[in-house]
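Please view the sequence and the model before reading on.

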Amino acid sequence: MITKYINKIFAVLMVGCSLVACTDDERIPNVDPAYCPDAIELQIPEDYARLIYTDNTGADVLPLIVGQTVQLGYNLEPADVTFNDVLWTSSESSVATVTEDGLVEALSEKGLGYSIVTVAPKGMYSGSGVSSTLKVKVAEHLQQATEVNITAEETEVYEGEQIALNYEILPEATTYRTLEWKSSDESVATVDSKGVVTGVNTGGSIKKDVTITGTALDGSGVSGSITITVKRIVQPQSVTIDQTYSADNGYAFALNEQGVALKFTTNPTESTLSLLEWTTSDASVATVEAGYVTFNGFGNVTITATCPETGNSSSIKLSIPAGLIRETFHNENHFSIYDAKQSGNGTSTSHEWHDGYLTITTYKVNATTERADLRWWDLPVYLHAGNYPIIAIKVDDVKDLYKADGVTARNLNFDVVGKSESGADYKALANGNNKYMGDLKCSDGSHVFIYDLSTQAFGTGGMAPTNEWIKFTTFQLKYADIKTIDHQITYNLYWFQTFKSIDDVKKYITDVDKLSYEVIK
């Protein structure tokens, strides 16, 4: 019996082999392979596609009114797929239904108020990753727009370049959240269905304006507009950087100033400035973008602007020396010294920026004492006794300012903690209260208190080295023990800087501040 079955199996195998072992003239015909879809994409009628917006979850949303229907379609990739049957589903059939051929009907806004309509290849729906979805949001009735506001981060665009417009449709409950866009002159600029404006041509002019209008799609007629300026691209032939801030002219920048916008001119004057190529000789010292230089470290650096068409260029040498500090409170968005945020007895310190000074408010330490320290938040702070040994701060002296209120005392004390390049520790500048070595009273009533690193030692570390910087991770001027007064007071801080000499401090007061002074100490 076993032999009989073995013989049958052998016979079948022989037949199979004979089918494979064909002569060249008897080959098996080629059979096309079967393909499964790699991707599927929803097709939406144009009238409905323009209503689709993106919500805060990143989903594409189609708003529909109860009773509306829309016939959706799909595309499969590749085009020659063998298995092309699809399955349509709706996540919330109480909100919207979808038939087996993709007809969506809006039913109600009850429940979640939206439904996710999905199309996917049959048999691949679960876990395949091949599907396409649309979020259908249903409203009971049409809520029309009452206002359209259009804005842009930039309102100028060059020929061939693009900018995206932003818009707001009010009220927030408006049903349709997209706009129909139109350009007043498409030969100057075009706008697509997403509000992206493309500069086309200025007709030979340096620049030309065009009005872009966005109109609500709900029949209300409500619209908003914005004027966009299209600029002609003009190749710069030459460039000249202003040398006011050049190190060759003796100018130096402080690292804490962070950067500088260079002044420069081009020929022709209407050149497209974005075409200029900016380079730096040392990125560890400074980098540059579109003429704005960002300071990264100490040293000298050369910044160059080059005209790409002609190769003509202009350079400036900048110096950012170790130890130079310049804080004059002319930049509201960046200044380094703040009140130290102290509080007590129901009061707290605060500061208010003004162009050229800060106003500091004290806090109540006890019934007869006020205090408001100053802290350097832009750390680290670098001092260099060899380059800039003089530390000077121009501030109101509350003993003068509030003498009539009974103030007879205050303590100034630099609480600092730092380490030199060689690793030595330094703490407590001048080591004690009111250890400033100079006091100049200015004609506006303020005082300039002066410390000298070349003659005054630290409490820890002794004298500062003259051949290396000290890097401070704590830097604070304690303005404390203001006595005797029973209420909060304010004082102004005008600047904090380092200088090469005391004569330079005096020259700054007279030449820059335009003040006279008397020597108190």
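## The loop between β40 and β41

Asparagine 431 lies in the loop between β40 and β41, where helices (H or I, at least four residues) and strands (E, at least two) are DSSP runs numbered from the N terminus. The model is predicted: local features need pLDDT of at least 70 and side-chain atom pairs count only at pLDDT 80 or more, while totals for chains, interfaces and linings use all residues. Residues are numbered from 1 along each chain as its sequence is written, and side-chain values use heavy atoms, with hydrogens and water left out.

Although asparagine 431 is not a glycine, its phi is positive, at about 55 degrees. Alanine 430 belongs to the loop between β40 and β41 and has a positive phi near 65 degrees. Most residues other than glycine have a negative phi, and most peptide bonds are trans. Alanine 430 is buried, with a relative accessible area of 13%; buried means under 20% relative accessible area, exposed over 50%, and partly exposed in between (1.4 Å probe, protein chains only).

## Cis peptide bonds

Asparagine 267 and proline 268 are joined by a cis peptide bond with omega of about 0 degrees. Proline 268 is placed in the loop between β22 (264–267) and β23 (277–280).

Another cis bond runs from lysine 483 to threonine 484, with omega near -10 degrees. Threonine 484 is in the loop between β44 (470–483) and β45 (490–499).

## Aromatic pairs

Rings of Phe, Tyr and Trp (its six-membered ring) pair if their centres lie within 6.5 Å; planes under 30 degrees apart count as stacked, over 60 as edge-to-face and the rest as tilted. The count by this rule is 27 aromatic pairs. Tyrosine 436 and tyrosine 451 form an edge-to-face pair, because their ring centres are 6.5 Å apart and their planes stand at 80 degrees. This pair links distant parts of the chain, 15 residues apart: tyrosine 436 is in the loop between β40 (425–429) and β41 (438–442), and tyrosine 451 is in strand β42 (residues 447–452). Tyrosine 436 is buried at 9% relative accessible area, and tyrosine 451 is buried at 2%.

Ring pairs also build a cluster, whose members include Trp376, Phe414, Tyr436, Tyr451 and Phe496.

## Surroundings of isoleucine 450

Isoleucine 450 is part of strand β42 and is buried, with 1% relative accessibility. Not counting residues up to four places away in sequence, isoleucine 450 touches several residues, among them Ile390, Tyr436, Leu440 and Val505; contact means heavy atoms within 4.5 Å.

## Salt bridges

The whole structure contains 13 salt bridges, each a side-chain nitrogen of Lys or Arg within 4 Å of a carboxyl oxygen of Asp or Glu. Aspartate 397 and arginine 410 form one, with their closest N and O atoms 2.9 Å apart. The two residues lie 13 residues apart, aspartate 397 in the loop between β38 (390–395) and α3 (398–401) and arginine 410 in strand β39 (residues 409–420). Both aspartate 397 and arginine 410 are buried.

Aspartate 511 forms a salt bridge with lysine 507, with closest N and O atoms 2.7 Å apart. These residues are separated by about one helical turn because they are 4 residues apart in helix α4 (residues 502–511). Aspartate 511 is partly exposed at 37% relative accessibility, whereas lysine 507 is exposed at 52%.
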